Amino acid sequence: MSGAALSTILGRDAAIQASYFVTAVLFIVGLKRMSSPVTARSGILWAGAGMLVATLVTFAYPGMSNYPLIGAAIVLGAVFAWWSGKRVAMTNMPQMIALYNGMGGGAAAAIAAVELYRGGAEGYGAATLAVTGGLIGAVSFSGSAIAFGKLQGLIKRSFRFRGQQALNILLLVAALVCAALLAGHFNDSPRVVTGLFVLALILGISMTLPIGGADMPVVISLYNALTGLAVGLDGFVMHNAAMIVAGTVVGSAGTLLTQLMAKAMNRSLANVLFSGFGDTGEAPSGTVTGSLKPIEASDVGVMLAFAQKAIVVPGYGMAVAQAQHKIWELCQLLIDRGVTVKFAIHPVAGRMPGHMNVLLAEAGVPYDLIADLDEINAEFETADVALIIGANDVVNPVARTDKSSPIYGMPILNADRAKNVIVIKRGTGAGFSGIENALFYLDNTRMLYGDAQKAGAELIQAVKAVG
Amino acid sequence: MTGIVALYIFMLAAFTGYEVISRVPVILHTPLMSGSNFVHGIVLVGAMVALGNAHTPLEKTIGFIGVLLAAINAMGGYVVTERMLEMFKSSRARGPRPGAH
């Protein structure tokens, strides 16, 4: 190679590396801005600019071919993702994140697979990084796919059987044996590579199937962290600094986020992964006394219209009924009448921490009216009405008193301490955990049966009728 | 890049990720998870290089799948994060939030 050609390549390489450095900086600044509500929106723009720079620059990477294939894959993937991302409903956001995350894990596994099949990962270090990245990426891929299926309602059952943990351990050990054979260059045959990936994919499926829907957000967050780690490891194999930095940052940020979420749900990570919620085997002890007292919408309308202070407790049921717009309309009527209205959000209202805030924001509720558990709990005692819409376990006072209850110890919203409690509920069934809710039977509680959307419309009419 | 330098980068990046997230309010958990999901879409860069250096039909097939999946990760992650954070803007525009946080 002539000196001129070499220096061109070196110059180009330096430019590419500099661009990757800029990308890493943009990602970190973007994430930092996303961690505060004031700057959050600009954060994704910073990170997006970083991604654009890195992608464009990579087309100039020295020694590459197959450009038509690369272009076709990017266009296909981007068009599908754009289309699906634009039309997904806010209520379905958690499973969409799971899906996109799984794709990233799959891509990380594919990179490792190409390197391993090609024999590109030379030396013990590179080979170890490649098999670890591939293993983690493949588990994240199939695990996230199952998480998506469960939250989307495609997989309805939780598959649990005796010896499931033993099977998972067996799968893990078998995958690790394949990994060790490859990493130590004892046996580099394509069959071992195939075995590693097949085992890892099955492991992801069998690890995720027994986990209940309520715990899925924590699992999705964990897979998000794992994908980040896999990307970082692949970055080491490919000597790509942008991948190393971005992947590792997401890996550690995702791990912390997973812990925060598990804490908000009063679960430990081990508990989520190795036992199903309500998997105690025994029927929940229902020692609830009293009766359910129904009420008409018109009476609730009067009660709300003449209240000084009302606190709304929304739950996932409200989001499913798409009632957030009607409820906000109702609250605006009340605010115009001089009623103080606040929204109380439990950390696990909605499908994952923060999800309910997104849904309320979508309906146009300003976020100074939204309070989280610590801010609002002392205020229930001064509230005339607590309006519970599609929430159940998060307001069950049993969590404070009954040590035998599976939700004992979970922090709850003290809705039972309001002067009047109105519960809008579709039917008389129990909550997600299958536990009877003692709140519904209290003397100051009235039940307004019906779909949240319909009940919201009736309440609007009722408040207007008061004049 | 020597092994020890790589290890330093790994350690510092890990601390950076931890620091960046450590004081985030609960209301941003979902958008932030989505945002970090977008950031690991950088795997696209690696997948492009892997496909660019693939020779056999098997390598090309897996490389193609890799780029396809990575593009979905990056684009999808961006679109849904942007949509979620867009709504936080609209609530801010209605007036500054007094006090809390």
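Which residues does A:Thr91 touch, not counting residues up to four places away in sequence? In this predicted model, the answer is A:Tyr316, A:Ala319, A:Gln322, A:His355 and A:Leu359. As for where A:Thr91 sits, look in the loop between helix H3 (67-87) and helix H4 (93-118) of chain A. With a relative accessibility of 8%, A:Thr91 counts as buried, because the cut-off for buried is under 20% relative accessible area.

Now for the aromatic rings. Counting over all chains, the structure has six aromatic pairs. One of them joins A:Phe27 and B:Phe38: the ring centres are 6.5 Å apart and the planes stand at 80 degrees, so this is an edge-to-face pair. That label follows because planes over 60 degrees apart count as edge-to-face. The pair crosses between chains, with A:Phe27 coming from helix H1 (residues 3-34) of chain A and B:Phe38 from helix H2 (residues 29-39) of chain B. A:Phe27 is buried, at 2% relative accessibility, and B:Phe38 is buried too, at 2% relative accessibility.

Then there's A:Phe80 with A:Trp83, where the centres are 6.3 Å apart and the planes meet at 45 degrees, so the pair is tilted. Both residues belong to helix H3 of chain A and sit three residues apart, about one turn of the helix. A:Phe80 comes out as partly exposed, at 35% relative accessibility.

Back to A:Phe27 and B:Phe38: ring pairs also bring in B:Tyr78, and the three are linked into a cluster.

How values were computed: Residues are numbered from 1 along each chain as its sequence is written. Chains are lettered from A and ligands numbered from 1 in the order in which they are written. This is a predicted model: local features need pLDDT of at least 70, side-chain atom pairs count only at pLDDT 80 or more; totals for chains, interfaces and linings use all residues. Side-chain values use heavy atoms; hydrogens and water are left out. Helices (H or I, at least four residues) and strands (E, at least two) are DSSP runs, numbered from the N terminus. Buried means under 20% relative accessible area, exposed over 50%, partly exposed in between (1.4 Å probe, protein chains only). Contact means heavy atoms within 4.5 Å. Rings of Phe, Tyr and Trp (its six-membered ring) pair if their centres lie within 6.5 Å; planes under 30 degrees apart count as stacked, over 60 as edge-to-face and the rest as tilted.
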